[in-house]
Amino acid sequence: MNYKLIIVGSGSLLNVCAEIAILNKIKIKGYVDNIKTKNSNIFSIKYLGNLKNIEKYIDRSTKIILAIGDNYQRFKTYSSISKINKNTNFATLIH
């Protein structure tokens with residue numbers, strides 16, 4: 001894959017998404033969340049800040065993956081990111 005990935009979320013799905021990205025040879029820029037993870041970040045993914053900072057990391061070669069398990073929170077986060085940058089590309093990871 002020739003794009004970089006930003007993972008949104010810091011729970012257990014952070015590690016799941018990171019593992020899938022690494023197995024598919026996708027470069028990970030880091031993760032964003034409103035709270036820096038206290039969970040084990042087993043792949044040492046870089047913390048990029050909260051969702052308000054995401055805009056400075058988005059460019060044409062970057063895609064976003066939402067690592068949020070709760071459907072309502074995922075929808076709210078998707079809506080927020082889409083308002084920040086209407087041209088945001090969202091990734092699909094398949095294990």
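**Entry 1: the chain as a whole**

I began with burial: 40% of the 95 residues of the protein chain count as buried, where buried means under 20% relative accessible area, exposed over 50% and partly exposed in between, with a 1.4 Å probe and protein chains only. I note that this is a predicted model, in which local features need pLDDT of at least 70, side-chain atom pairs count only at pLDDT 80 or more, and totals for chains, interfaces and linings use all residues. Numbering runs from 1 along each chain as its sequence is written, and side-chain values use heavy atoms, with hydrogens and water left out.

Next I looked up the fold elements. I find 2 helices and 5 strands, taken as DSSP runs numbered from the N terminus (helices H or I, at least four residues; strands E, at least two). Their order from the N terminus is β-α-β-β-β-α-β.

For overall dimensions, I compared the radius of gyration, taken over C-alpha atoms, with the globule rule of 2.2 Å times the number of residues to the power 0.38. The chain has 12 Å, which agrees with the value near 12 Å for a compact globule of 95 residues. Its C-alpha atoms fill a box of roughly 30 × 30 × 20 Å along the principal axes.

I also checked contacts, meaning heavy atoms within 4.5 Å. Among those with a separation of 6 or more, 60% join residues 24 or more positions apart.

**Entry 2: the cores**

Which residues have the most contacts inside the largest nonpolar core? They are Leu5, Ile7 and Leu93, in a core of 16 residues. Such a core is a set of buried Ala, Val, Leu, Ile, Met, Phe, Trp, Tyr and Cys residues joined through side-chain atoms within 4.5 Å. β1 (4-8), α1 (12-23) and β2 (27-32) each supply at least two of its residues, and α1 gives the most, with 5.

I followed leucine 5 further. Beyond its neighbours within four places in sequence, leucine 5 touches residues including Ala21, Ile28, Ile65, Ala91 and Leu93. A second, separate core has 11 residues, among them Ile6, Val8, Ile64 and Leu66.

**Entry 3: threonine 88**

This residue sits in the loop between α2 (71-84) and β5 (89-90). Is threonine 88 buried or exposed? It is buried, at 11% relative accessible area. Its side chain reaches the backbone oxygen of asparagine 85 at 2.7 Å. Leaving aside neighbours within four places, I list its contacts as Ile58, Ile64 and Ile81.

**Entry 4: aromatic pairs**

How many aromatic pairs does a search of the whole structure find? It finds 2. Rings of Phe, Tyr and Trp (its six-membered ring) pair if their centres lie within 6.5 Å; planes under 30 degrees apart count as stacked, over 60 as edge-to-face and the rest as tilted.

Tyrosine 31 and tyrosine 47 have ring centres 5.2 Å apart and planes at 55°, so I log the pair as tilted. Tyrosine 31 is in strand β2 and tyrosine 47 in strand β3 (residues 47-49), so the pair ties together parts 16 residues apart in sequence. Tyrosine 31 is buried at 1% relative accessibility, whereas tyrosine 47 is partly exposed at 26%.

Tyrosine 78 and phenylalanine 90 also form a tilted pair, 4.9 Å centre to centre with 45° between the planes. This one links helix α2, holding tyrosine 78, with strand β5, holding phenylalanine 90, 12 residues apart. Tyrosine 78 is partly exposed at 39% relative accessibility, and phenylalanine 90 is partly exposed at 28%.

Key
A polar contact is a pair of N or O atoms within 3.5 Å; within protein, one must be able to donate a hydrogen and the other to accept it, and residues adjacent in sequence count only if both atoms are side-chain atoms.
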